[in-house]
Amino acid sequence: MATNSTAYLESLPAVPVWLNKGDNAWQLIAATLVALQSMPGLVILYGSIVKKKWAVNSAFMALYAFAAVLLLWVLVCYKMAFGEELLPFWGRGGFALGQGYLLKQGKLPATTHFRKDGSVETAMTEPYYPMASLVYFQFTFAAITLILLAGSVLGRMNIRAWMAFVPLWLIFSYTVGAFSLWGGGFLYHWGVIDFAGGYVIHLSSGVAGLTAAYWVGPRMQCDKERFPPNNVLLALAGAGLLWMGWSGFNGGAPYAANIDASIAVLNTNICAATSLLMWTSLDVFYFGKPSVVGAIQGMITGLVCITPGAGVVQSWAAIVMGILAGSIPWFTMMILHKKSSLLQKVDDTLGVFHTHAVAGILGGTLTGLLAEPHLCDMVLPVKGSMGGFYGGTGGIQFMKQIVAALFVIGWNLVMTSIILLLIRTVIPLRMPDHELLIGDDAAHGEEAYALWGDGEKYDESKHGINSPNHQLTPTRETDRDTAVGITVHI
């Protein structure tokens, strides 16, 4: 039936001919979903999964990183990650602020892929929406990477050192991985598959987190021995935001509301569910009962594992990846970590190395085996790419995935170490022991809950109305026979 609708027609100046409103709407939604993973998702998760005395500090580290990354992103870092090539692994930095730049059609100028004879194999990536949408979408990935890294150093890192670390690591580490694999760098043109950040985000945050944990030093012994979540139900709420937001994480990676985005979203949820169930089953088998925190860890490893291949593997492969994501990181965290003298020397507070680095490299290498040729041709610049299980050049693809992982590991290990060694010449990386003993109140002058101490149970002799520490003091003589003006001293 014919209509007079002009919804999809050019309407200058706000609707140029190149604008696809559906793609733009989806990209903004996807960006918002990823932002919600960090704010408030990981802010809530970090604030609730740690010991009560570190709730405020842990949440604040995530909050600060989110804000600091955004400002630096538009000032210089976006173009370092997605702009014109400066070096094979780095873009030329610059402002992403002017309306002349932000309102033109989005493009990644270094992504034109040429054949060996010099002819164009894949044209430059030019999504059908403005640069502003692209800049914001990619910011949300940069922000969550720093927040994930923070999970390794919760409960002892000097907040001032963290405030210095965030911008330096964003500039000298994150932008290198992002340009190399996504922005048109040497790994992008070599044909390495990192669909939505298994290497750029998760492997880098896991390796950098473990490295930072080494240089910052451990928590106090009492915190290492007893570090119970202060609110398991709230941790589940944060984890739920993380899971649901991952649909934007992987679904936004094709830069369009196309059929590959649909595959990516479905595969993401299949792998996460499978991994959660696998981790929980292993907990029951090995420890005799399921763990909510363990289920959250299993959920995360599944989400991380599928990320590098979400849009290029079939859905049966997502189940296979989920089974391995729920078992191999479980083994490294629950068994190997406790037996490894090397891993025991590094205090990785939330086990980010296992949930992100191990799961990230697992997903990247599995993608090198399971990437389906037709799906690869939909989104990859190097046509004819495929996983090892499909024959052809698949064996070479698997090798490429391993080499790329080694580059990301090496760069983050070295650069994170250099940054922290420089910072500690002017700012101590670890809080002093007297602040570590107190926690939030010493670091921020604030506490998360107006309750008694960590893990302390109600004791009638200590907290009851007849206890020596409990006094009812009338505020005025005339109030002695009323319930008005009573002050409780505990």
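The buried residues of helix H12 are covered by, among others, helix H10 (259-287), helix H11 (292-306), helix H13 (328-339) and helix H15 (352-370). The model is predicted: local features need pLDDT of at least 70, side-chain atom pairs count only at pLDDT 80 or more, and totals for chains, interfaces and linings use all residues. Residues are numbered from 1 along each chain as its sequence is written, and side-chain values use heavy atoms, with hydrogens and water left out. Helices (H or I, at least four residues) and strands (E, at least two) are DSSP runs, numbered from the N terminus.

**Helix H12**

- Helix H12 spans residues 315-325, and its residues Ala317, Ala318, Met321, Gly322 and Ala325 are buried.
- These residues cover an arc of only 145 degrees around the axis, which puts them on the same side of H12; the arc is that of the directions from the helix axis to the C-beta atoms.
- Buried means under 20% relative accessible area, exposed over 50%, and partly exposed in between (1.4 Å probe, protein chains only).

**Helices H1 and H9**

- Helix H1 (residues 21-49) packs against helix H9 (residues 232-251) at an angle of about 155 degrees, and their axes are 7 Å apart.
- Axes are lines fitted to C-alpha atoms, for helices over the stretch in contact, and angles run from 0 to 180 degrees between N-to-C directions.
- H1 and H9 are therefore roughly antiparallel to each other; angles under 35 degrees count as roughly parallel, over 145 as roughly antiparallel, 65 to 115 as roughly perpendicular and the rest as oblique.
- The crossing of H1 with H9 is left-handed, meaning that the near helix is turned anticlockwise from the far one by less than a right angle, whereas clockwise would be right-handed.
- The contact of H1 with H9 comprises 17 nonpolar, eight polar and no charged residues.
- For these classes, Ala, Val, Leu, Ile, Met, Phe, Trp, Tyr, Cys and Pro count as nonpolar, Asp, Glu, Lys and Arg as charged, and the others, Gly among them, as polar.
- Pro40 lies in helix H1 and is joined to Met39 by a cis peptide bond, with omega about 15 degrees.

**Helices H9 and H10**

- The axes of H9 and H10 cross at roughly 140 degrees and come within 8 Å.
- That angle makes H9 oblique to H10, and the crossing of the two helices is right-handed.
- From H9, the contact involves Trp243, Met244, Trp246, Ser247, Asn250 and Gly251; from H10, it involves Ala261, Ala264, Val265, Thr268, Asn269, Ala272, Ala273 and Leu276.
- Contact means heavy atoms within 4.5 Å.
- The contact of H9 with H10 has nine nonpolar, five polar and no charged residues.
- Tyr255 lies in the loop between H9 and H10, and has a positive phi of about 65 degrees although it is not a glycine.
- Tyr255 counts as buried at 13% relative accessibility.

- Thr268, in helix H10, counts as buried at 0% relative accessibility.
- Not counting residues up to four places away in sequence, Thr268 touches Trp246, Asn250, Leu303, Ile306 and Ala310.
- Leu146, in helix H4 (residues 131-150), is buried with a relative accessible area of 0%.
- Apart from neighbours within four places in sequence, Leu146 is in contact with Ala65, Val69, Trp162, Phe165, Val166, Trp169 and Leu170.
- Leu146 and Ala30 are 116 residues apart along the chain, and their C-alpha atoms are separated by 19 Å.
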